[in-house]
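Good morning, colleagues. Please turn to the sequence and the structure on the screen, which I shall describe step by step.

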Amino acid sequence: MAEELLSDAAVRRKLGAVDRALEKAYGPPRRRRRRTALGSLIATILSQNTNDANSGRAYDAMRAAFPTWLEVMNADPGALEDVLRPGGLARTKARRIQDILRDIAARGPLDLEYLRKLPAEEAEHELLAFDGVGLKTARCVLVFALGKDAFPMDTHIERVLKRLGIVPERMVVEKAHRYIQPLVPKGRSYALHLGLIAHGRRVCHARTPACARCVLRRNCAYYKRHHMRAVAGSVKP
Ligand code: SF4
């Protein structure tokens, strides 16, 4: 059976209800320590395909070994790769980081603070021009470093939004990023992003979602499908 696509108005209503329920369950999000835009971009690249602890270790090791971005850019690639090893994919990430730094240096000073003055869409466009930077990475920089109303989707968020029936099951993540941004309640990207990650980690687990204690049940397509199937299975003819 073809999956039903909700109207934009229905998705907006549902996201609003989810946002309120998550804030009630987990409290208002705490502001993280803000990095510079460039520091945030490099840290987000290091976080690709690994966890926060490992990428944090790699970032700190890199800053200790090469305290300025100029030193990171000019570092021997093997030496940079060595310090990035705790974060995994060290060779790819070292090359990507040095390429980005060279791109920026070719245009002017080694920073990205000018992005603060741009509207979110324009700043996103600038970040996407770097090799190896996709929508998730760009929007992490926009929301965490630049304080813009941008909504990045990680694997927890994608899973929860698909189970809720807000993002269609078969929609690929790049398309889902573009689909969902205009439907997120204004000014709530940061809070909703963190709330959904918390929910994906604590309740809506990848293998076995803990639906019995989930505050989003009333709004969840997955729960309705499975609950109704269970109820139907328990009714004797
Ligand atoms: Fe996830 Fe279950 Fe909650 Fe739906 S009801 S969001 S599937 S935990």
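This is a predicted model: local features need pLDDT of at least 70, side-chain atom pairs count only at pLDDT 80 or more; totals for chains, interfaces and linings use all residues.

The secondary structure of the protein chain consists of 12 helices and 0 strands. Read along the sequence, the pattern is therefore α-α-α-α-α-α-α-α-α-α-α-α.

As for overall dimensions, the C-alpha trace spans about 75 × 35 × 35 Å along its principal axes. The protein chain has 237 residues, of which 46% count as buried. Consider next the contacts between residues at least 6 apart in sequence: 65% of these join residues at least 24 apart.

Let me turn to one pair of helices. Two packed helices are described by the angle between their axes and the distance between the axes. Here the pair is α7, residues 120–128, and α8, residues 135–145. Their axes come within 9 Å and cross at roughly 130°. That angle makes α7 oblique to α8, and the crossing in which α7 passes α8 is right-handed.

Which residues meet in this pair? From α7 come Ala 120, Ala 123, Glu 124, Leu 127 and Leu 128. They meet Leu 135, Ala 138, Arg 139, Val 141 and Leu 142 of α8. By class, the residues of this contact divide into 8 nonpolar, no polar and 2 charged.

I now come to the cysteines. How many disulfides does a search of the whole structure find? The search finds 0. Cys 140, accordingly, is in no disulfide, and the nearest cysteine sulfur, that of Cys 204, is 20 Å away. For comparison, a disulfide would require a pair of cysteine sulfur atoms within 2.5 Å.

Is Cys 140 buried or exposed? Its relative accessibility is 10%, so Cys 140 counts as buried. Cys 214 is buried as well, with a relative accessible area of 15%. The cut-off applied in both cases is that buried means under 20% relative accessible area.

What does Val 83 touch, leaving aside residues up to four places away in sequence? The residues in question are Ala 58, Ala 61, Met 62, Ala 65 and Phe 66. Take Met 62 from that list: Val 83 and Met 62 are 21 residues apart in sequence, yet 5.8 Å apart in space, C-alpha to C-alpha.

Thank you for your attention.

Definitions and conventions: Residues are numbered from 1 along each chain as its sequence is written. Side-chain values use heavy atoms; hydrogens and water are left out. Axes are lines fitted to C-alpha atoms, for helices over the stretch in contact, and angles run from 0 to 180 degrees between N-to-C directions. Helices (H or I, at least four residues) and strands (E, at least two) are DSSP runs, numbered from the N terminus. Angles under 35 degrees count as roughly parallel, over 145 as roughly antiparallel, 65 to 115 as roughly perpendicular and the rest as oblique. A crossing is left-handed if the near helix is turned anticlockwise from the far one by less than a right angle, and right-handed if clockwise. Contact means heavy atoms within 4.5 Å. Ala, Val, Leu, Ile, Met, Phe, Trp, Tyr, Cys and Pro count as nonpolar, Asp, Glu, Lys and Arg as charged, and the others, Gly among them, as polar. Buried means under 20% relative accessible area, exposed over 50%, partly exposed in between (1.4 Å probe, protein chains only).
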